[in-house]
There are 2 protein chains.
Amino acid sequence: MARAATTADAFNAVAEPRRRQILDVLAGGERPVNDLVRTLGLAQPQVSKHLRVLREVGAVDVRDEGRQRLYRVNGHALKPIHDWVKDYERTWSERFDELDVVLEELKEKEAGDGSSE
Amino acid sequence: MARAATTADAFNAVAEPRRRQILDVLAGGERPVNDLVRTLGLAQPQVSKHLRVLREVGAVDVRDEGRQRLYRVNGHALKPIHDWVKDYERTWSERFDELDVVLEELKEKEAGDGSSE
DNA sequence: TTTACATATTCCGATATGGGTATATAATGG
DNA sequence: CCATTATATACCCATATCGGAATATGTAAA
């Protein structure tokens, strides 16, 4: 078995830096493919291929407008990533460190109240 | 060129579901390899290999204890993922939708104040 | 030191990748 | 209908993958 397909889920789709770039550009609003080609300096076929992957995991939606295809972000597909990673935020966030201090103080105070001290 | 190496960055490392599982288990505290093997029902070599990838992107740290190696999460490596994805939260979060409504109302009120209406 | 246990590494094979180039499809304009 | 523009797909290739099995390394116990 090889690595999971990039289309398997959002985690895989977004592991590719170019695809994150594409999403970042699209975050600024709906864009036709050629816009992305120019903005990102990539070849048109690669952009289309990346967009396909993003479409397959639901991270972008398309809309036909004449001979152009307008792509836009659909952030819902990214929610699982956010949900997963946010639980690790406490590891690096100072806010959580401070919260730990407060909780520790509370615990000590409580212990002091209840017992002989 | 093939897909970027899994060790290229945290995004790639974490695209593999088994590695997320490993991190999820380690989130409960320091564990030796065999613990993970038993808990996750994976073969020992694959666990060691996944741990190597996680080590290379800095998502876990190791500590030697006798003949065991104790692994623990180092969430700092996941911060870039959180930082990237959190900007898309507004796309799905109702809180942001409500904020949009409020902002829209404010904008209308202001327009009403300033002009002839 | 010989054995046993814990973990890491190596080698294999099947597979999907992502870039490049050429080409197909689709819609518009003349 | 033909040319042009916009996008998608097909094909090729070099590469890294992940799992499985066997083996190497390292530490502790007998």
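The model on screen is a predicted one.

Next, colour the secondary-structure elements that face DNA strand C. In chain A, helix H4 (44–56) supplies at least two residues of the surface near this strand. In chain B, helix H3 (33–40), helix H4 (44–56) and strand S3 (68–73) each do likewise. Which element gives the most to this surface? H4(B) does, with 6 residues.

Now move to DNA strand D, which has 27 residues around it. Those that come nearest are Ala2(A), Pro32(A), Asn34(A), Pro45(A) and Ala2(B). On this surface, two or more residues come from each of helix H3 (33–40), H4 and strand S3 (68–73) of chain A, and from H4 of chain B. Select H4(A) to display the largest share of the surface near DNA strand D, namely 6 residues. Coloured by class, the surface near DNA strand D shows 11 nonpolar, 8 polar and 8 charged residues.

Hide the DNA and turn to the protein–protein interface. Here 23 residues of chain B are in contact with 23 residues of chain A. On the chain B side, the elements to select are helix H1 (10–13), helix H5 (79–86) and helix H6 (89–92), each of which gives two or more residues to the side that touches chain A. Which of the elements of chain B provides the largest share of that side? H5(B) provides it, with 6 residues. By class, the side of chain B that touches chain A contains 11 nonpolar, 5 polar and 7 charged residues.

The last stop lies within chain A. Select H3(A) and H4(A), whose axes are 9 Å apart and which pack at an angle of about 115°. The crossing in which H3(A) passes H4(A) is right-handed. To inspect the contact, show the side chains of Val33(A), Leu36(A), Val37(A) and Leu40(A) on H3(A). Facing them in this contact are Gln44(A), Val47(A), Ser48(A) and Leu51(A) of H4(A). The residues of the contact of H3(A) with H4(A) comprise 6 nonpolar and 2 polar, with no charged residue.

Key:
Residues are numbered from 1 along each chain as its sequence is written. Chains are lettered from A and ligands numbered from 1 in the order in which they are written. This is a predicted model: local features need pLDDT of at least 70, side-chain atom pairs count only at pLDDT 80 or more; totals for chains, interfaces and linings use all residues. Helices (H or I, at least four residues) and strands (E, at least two) are DSSP runs, numbered from the N terminus. A residue is near a molecule or strand if its C-beta atom, placed from the backbone, lies within 6 Å of it. Ala, Val, Leu, Ile, Met, Phe, Trp, Tyr, Cys and Pro count as nonpolar, Asp, Glu, Lys and Arg as charged, and the others, Gly among them, as polar. Two residues are in contact if their C-beta atoms, placed from the backbone, lie within 7 Å. Axes are lines fitted to C-alpha atoms, for helices over the stretch in contact, and angles run from 0 to 180 degrees between N-to-C directions. A crossing is left-handed if the near helix is turned anticlockwise from the far one by less than a right angle, and right-handed if clockwise.
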